[in-house]
Amino acid sequence: RMAAAPPSYCFVAFPPCSKDGLVVFGKNSARPRDEVQEVVYFAAAEHEPGSKVECTYIEIEQVPKTHAVVLSRPSWLWGAEMGANEHGVCVANEAVLTREPASESEALLGMDLVRLGLERGATAKEALDVIVALLEEHGQGGNYYEDGSSCHTFQSAFLIVDRNEAWILETSGKYWAAEKITEGVKCICNQLSLTTKIDAEHPELRNYVKSQGWWNGDSDFNFSEVFSLADDHLACCSGRESLEKQGGDVSAQAMIDVLRDKDSGVCVDSESFLTTASIVSVLPQDPSFPCIHYFTGTPDPSRSIFKPFIFVDDVKLVPKVQSPSFGNDDPAKKIPRFQEKPDRRHELYKAHEWARSLLENDQDKGQKLMRIMLDLEKQGLEAMEDILSRTEILDPAEVVDLFYDCVDTELKFFK
């Protein structure tokens, strides 16, 4: 039996479901319980002609210019589970299983494609075009986990969002289909969701599935029915209902509440998987306002806090949410891979481990700490709402240390 795909959840809400001309995006990244996720920023860069970029497993051609990106990623790999770029594009991926076994041979990971789409696409549609072109050229494959004992492979689905529209992209090997969204609430999880509304697709998609005998060409072409393993392509998402109940009021706070919800299953905390990091992004449809991206950088959003990041030049780096780097000695880079697991915990992650043991062992102290933390988060959310309701343009100097200061304050409380 194939191992189940990790049950991550991704959401997007557009007006009229979301507040005041805002697009709100969110993801809980469900991964192996002990995996560390870091939050990293890479500035925009120009690259020499002919230069290459080393992704998790393979090297590919670099492009002349890459956009600035902020990423939440498992710290052993090159790509990302989710992130954003300076142009207000957000991308998150899902591991999915289809009737086609995912390739074990090392190629691009779904997570690499998240980062490549962000570095190379200035709109959601551009990021989609980048991802499918790279899929065609290099394919997807290789181990999704830092595990030397067995290879866990999956196909990929993506939620790609900008200030104006979102695309749901679902893939199997190099074949793909995509649906464009401009209103309402959408959720994707670890199973295929596209049905008959397809707005873009691989040019050979229908011929391919006919040649495999998966579709006769007479009935409506339904992507999930054709590619799913069994009848498991049902509406997967309980979180969507919570967002729809907000009745036109989905805000950063509403998205955070949905991501924290353990009862609905959106906040995963099971034997094999844990929500190891979360993101919420608020993208104003009016381009004169900045996009705001909130990251936890720590596991389990129900006991983590969402800290804001805004793209400005010379944004201050935050080493305390970055894992140690092992360079070429990293067991993830040596063949055979993953022969040992180094300690990848960053400073904020370690502080959280301490806080978790406090929550478990001394409930009064733990709850008091959590109240202080949530109060800190609320101050951040209110300060960001203030930025989005102003008439004057934001002064970059005001937010250049924003994420740094939030992480720093959080660590001080733990001390």
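**Notebook: chain and sheet**

I started with the surface, keeping in mind that this is a predicted model. The accessible surface of the chain came to about 17,500 Å², and carbon and sulfur atoms hold 47% of it.

Next I looked at burial. I found that 57% of the 415 residues in the chain are buried, taking buried as under 20% relative accessible area.

Then I checked the overall dimensions. The C-alpha trace spans about 60 × 50 × 50 Å along its principal axes. I compared the radius of gyration with the value for a compact globule: 415 residues would give one near 22 Å, and the chain has 20 Å, so the two agree.

I turned to contacts between residues at least 6 apart in sequence. Of these, 69% join residues at least 24 apart.

I noted 42 positive and 69 negative side chains, with the centres of the two sets 4 Å apart.

On to secondary structure: I listed 10 helices and 18 strands. In what order do the eight strands of the open sheet run? I read S3-S8-S9-S10-S11-S12-S13-S15, with antiparallel pairing. At the edges stand S3 (37-42) and S15 (200-201). Each has a single partner strand, so one side of each is left without a neighbour in the sheet.

S12 (residues 166-172) and S13 (residues 175-181) run antiparallel, and seven bridges join them. I picked out Trp167 and found that its bridge partner in S13 is Lys180. As a reminder to myself, strands of a sheet pair through backbone hydrogen bonds.

Technical notes
Residues numbered from 1 in each chain as written. Predicted model: local features only at pLDDT ≥ 70, side-chain atom pairs only at ≥ 80, totals over all residues. Heavy atoms only, no water. Helix = DSSP H or I, 4+ residues; strand = E, 2+ residues; numbered from the N terminus. Rg over C-alpha atoms; globule rule 2.2 N^0.38 Å. Buried < 20%, exposed > 50% of the residue type's maximum accessible area, 1.4 Å probe, protein only. Contact = heavy atoms within 4.5 Å. Areas by Shrake-Rupley, 256 points an atom, 1.4 Å probe, with all protein chains shown as cover. Lys, Arg positive; Asp, Glu negative; His and termini not counted. Charge placed at Lys NZ, Arg CZ, Asp CG, Glu CD. Pairing = 2+ DSSP bridges.
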